[in-house]
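The following exercises concern a single protein chain, and each is followed by a worked solution. Please examine the sequence and the model before reading on.

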Amino acid sequence: LLNLLDRIIKSNENGRIDISVVFTETDSDRKSGTLVITLLGTSGNSDPASENIGSTLVTTSGLPAEPAGDVELEFLLSERLCSHMGGTIRMADEHPFQDNPVTIEFKEVVSTDSGLNSADELPATSDNTGDYVLLVDDAEMSLKITSAMLKRLNIAHCCCTSVKEAIQRLETGLPRLVLTDLWMPEAGGDDLARYIAEHYAAASIPVVAVTADSQMDRNTRTLFAEVILKPVSLAMLRQCLQKVMPELAQ
């Protein structure tokens, strides 16, 4: 979604972007339905205040227009990411990203509570090891996305927004696995991995880096059992779990 928004913004000089999100329930028992996200970029100097549109508005005033280039490649990348999540993208053949809507559709989406899990709700075993996964990321949206994927896999988990909070959580019960962002304020995922290796070596807790940094140096890479590159898809997460903790992925 962010990739598409970036392209639309660059393609509409001094314009606007209307974002519409509609969820239509199709199965009340499963609380599932179809999620449709529509992005419409409009070039020119339209006046948002003069129109009554029930959607989020992003203005692109002052941004340079994107020169004609590898638009098809940009779309294929977005289409691939969307496909990984089980969705489809539709857009116009002519003047894509400009004055034409881009529609993203996901079917059989299950509506669930998107709130972050509370550590108090997680089980803990007698050996002080909780049967859960610890998520660490300073970006709340990233936490919610990964949390929703783990919920879909029926895996108990706890969310922390900093390394400090994660360390406090470790003191109350050790997880089976840690998924952590690499770059965070004050302390990063590499610091957390070193801390776990130093203080909880006997527990052999695998730490997985979830990051957009594809240029991680070799020394940092050795701190982690695996690396998942953002944006994370359900298939990528499941594949990682199967390699690192097969029993969790069953």
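**Exercise 1.** Against which elements do the buried residues of helix 5 pack?

*Solution.* The model is predicted; local features require pLDDT of at least 70 and side-chain atom pairs pLDDT 80 or more, whereas totals for chains, interfaces and linings use all residues. Residues are numbered from 1 along each chain as its sequence is written, and side-chain values use heavy atoms, with hydrogens and water left out.

Step 1. Helices (H or I, at least four residues) and strands (E, at least two) are DSSP runs numbered from the N terminus. Buried means under 20% relative accessible area, exposed over 50%, and partly exposed in between (1.4 Å probe, protein chains only). Contact means heavy atoms within 4.5 Å.

Step 2. Identify the buried residues of helix 5: Gly189, Asp190, Leu192, Ala193 and Ile196. They lie on the same side of helix 5, because they cover an arc of only 160 degrees around the axis, the arc being that of the directions from the helix axis to the C-beta atoms. In an α-helix there are 3.6 residues a turn, so residues three or four places apart point the same way.

Step 3. Read off the partners. The buried residues of helix 5 pack against strand 6 (133–136), helix 4 (163–170), strand 8, strand 9 (207–211) and helix 6 (218–221).

**Exercise 2.** Carry out the corresponding analysis for helix 4.

*Solution.* Step 1. In helix 4, the buried residues are Val163, Ala166, Ile167, Arg169 and Leu170. An arc of only 160 degrees around the axis holds them, which puts them on the same side of helix 4.

Step 1. These buried residues of helix 4 pack against strand 6, strand 7 and helix 5.

**Exercise 3.** Which residues touch the most other members of the largest nonpolar core?

*Solution.* Step 1. A nonpolar core is a set of buried Ala, Val, Leu, Ile, Met, Phe, Trp, Tyr and Cys residues joined through side-chain atoms within 4.5 Å.

Step 1. The largest such core has 23 residues, and those touching the most other members are Leu134, Val136, Leu170, Val178, Leu192, Ile196 and Phe224. Two or more residues come from each of strand 6, strand 7 (157–160), helix 4, helix 5 and strand 9. Helix 4 gives the largest share, four residues.

**Exercise 4.** Are Cys158 and Cys160 buried or exposed, and how many disulfides does the structure hold?

*Solution.* Step 1. A disulfide is a pair of cysteine sulfur atoms within 2.5 Å, and the structure holds zero. For Cys158, the nearest cysteine sulfur is that of Cys160, 4.4 Å away.

Step 1. Cys158 is buried, at 3% relative accessibility, and Cys160 is buried, at 1%.

**Exercise 5.** Locate the backbone exceptions.

*Solution.* Step 1. Most residues other than glycine have a negative phi, and most peptide bonds are trans.

Step 1. The peptide bond from Lys230 to Pro231 is cis, with omega near 0 degrees; Pro231 lies in the loop between strand 10 (226–229) and helix 7 (234–244).

Step 2. Asn154, although not a glycine, has a positive phi of about 60 degrees, and Asn154 is exposed at 71% relative accessibility. Glu186, also not a glycine, has a positive phi of about 70 degrees; Glu186 is exposed, with a relative accessible area of 84%.

**Exercise 6.** Where is confidence in the chain lowest, and where is it highest?

*Solution.* Step 1. The pLDDT is the predictor's confidence in each residue, from 0 to 100. Its mean over the chain is 76, and 70% of the residues reach 70 or more.

Step 1. Confidence is lowest in strand 3 (residues 56–59), at a mean of 40, and highest in strand 8, at 96. Over residues 45–70 the pLDDT is below 50, as it is over residues 114–128.

Step 2. Where pLDDT is low, the predicted coordinates should not be read in detail.
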